[in-house]
Amino acid sequence: LRGTSGAIGQALKALAQKQALDTEIGRLARAAVTAPDTSHRRSGGGAGGGGGAGNKKDKELAGLLGEAFVYEQFRLTLPGFDERSWRSCNRNLYGLEGKGDDSLGCDFSYRDVDGRLTTDPNRPMCYMDVKASSGDGSEPFQMSANEWNKARECHESSDSVYAVIRVAHVREAPTVVDIIFDP
């Protein structure tokens, strides 16, 4: 992979150019999310848990494609959103330089000074985690304890917000179908 200049990057960029980012999808009414039970550990871990080695590889690929699509779409849509915004290790798999870090509790960070994504310029720092699926994006997803802790930290902050970006149909026609602010 060579980032946007590679074949996959070019295909994702072309798909992103065809879709306008609708930040209003993050304003939908929804039920409250409950905190995860961290009193005991589950085997498997990671986004989606369980399954064999093939299943784990499929989920890792879906995660990479989802993050790459969000990168390409937000890069085209949000001023100042660039490769420095992509924080996870998937940035390296996509072909971007610089070391990614999966311990941050988010995949992207972005200073939204215009409030274009969050609609709240008073809370300009936005931390985002991508949850991608091959389905329609309505299925449940897991958040790691690290992600939940980052979301809680943002909830208690006066200048940052946490967002979960849902990407559906990640393998054939990726689309951002939901943005869950402050889960």
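## Exercises on a predicted protein model

In the protein chain, residues 24 or more positions apart account for 60% of the contacts with a separation of 6 or more.

### Exercise 1. Overall architecture

Determine how many helices and strands the protein chain has, and in which order the elements run.

Solution. Step one is the count: four helices and four strands. Step two is the order, which from the N terminus on reads α-α-α-β-β-α-β-β. Step three concerns burial: of the 183 residues in the protein chain, 42% are buried.

### Exercise 2. The nonpolar cores

Identify which elements give two or more residues to the largest nonpolar core, and which element gives the most.

Solution. Begin with the core itself, which has 31 residues; Phe 74, Leu 117, Met 128, Ile 165, Val 176 and Ile 179 have the most contacts inside it. Two or more residues each come from helices H1 (7-18) and H2 (53-77) and from strands S1 (108-111), S2 (125-132), S3 (160-168) and S4 (175-181). The greatest contribution is that of H2, with eight residues.

Apart from neighbours within four places in sequence, Val 176 touches Gln 19, Leu 21, Ile 25, Phe 69, Val 70, Gln 73, Ile 165, Arg 166 and Val 167.

### Exercise 3. A charged residue

Solution. First locate the residue: Arg 123 belongs to the loop between S1 and S2. Beyond neighbours within four places in sequence, the contacts of Arg 123 include His 155, Ser 157, Ser 158 and Asp 159.

### Exercise 4. An aromatic pair

Explain which parts the pair of Tyr 71 and Tyr 94 ties together.

Solution. The structure holds seven aromatic pairs. In the pair of Tyr 71 and Tyr 94, the ring centres are 6.1 Å apart and the planes make an angle of 75 degrees, an edge-to-face arrangement. Because Tyr 71 lies in helix H2 and Tyr 94 in helix H3 (residues 90-94), the pair ties together parts that are 23 residues apart in sequence. Both residues are buried: Tyr 71 has a relative accessible area of 4%, and Tyr 94 has 1% relative accessibility. Ring pairs also place the two in a cluster with Phe 74, Phe 81, Trp 86, Phe 108 and Tyr 110.

### Exercise 5. A strand residue

State where Ala 163 lies and which residues it contacts.

Solution. Ala 163 is in strand S3. With 0% relative accessibility, Ala 163 is buried. Leaving out neighbours within four places in sequence, its contacts are Cys 126, Tyr 127, Met 128, Asp 129, Ile 179, Ile 180 and Phe 181. The C-alpha atoms of Ala 163 and Pro 183 are 7.2 Å apart, although 20 residues separate the two along the chain.

### Exercise 6. Positive phi

Give the phi of Thr 119 and of His 169.

Solution. Thr 119, which is not a glycine, has a positive phi near 60 degrees. Thr 119 sits in the loop between S1 and S2 and is partly exposed, at 44% relative accessible area. His 169, also not a glycine, has a positive phi of about 50 degrees. His 169 sits in the loop between S3 and S4 and is partly exposed, at 31%.

Definitions and conventions:
Residues numbered from 1 in each chain as written. Predicted model: local features only at pLDDT ≥ 70, side-chain atom pairs only at ≥ 80, totals over all residues. Heavy atoms only, no water. Core = buried A, V, L, I, M, F, W, Y, C linked by side-chain atoms within 4.5 Å. Buried < 20%, exposed > 50% of the residue type's maximum accessible area, 1.4 Å probe, protein only. Contact = heavy atoms within 4.5 Å. Phe/Tyr/Trp six-rings, centres within 6.5 Å; stacked < 30°, edge-to-face > 60°.
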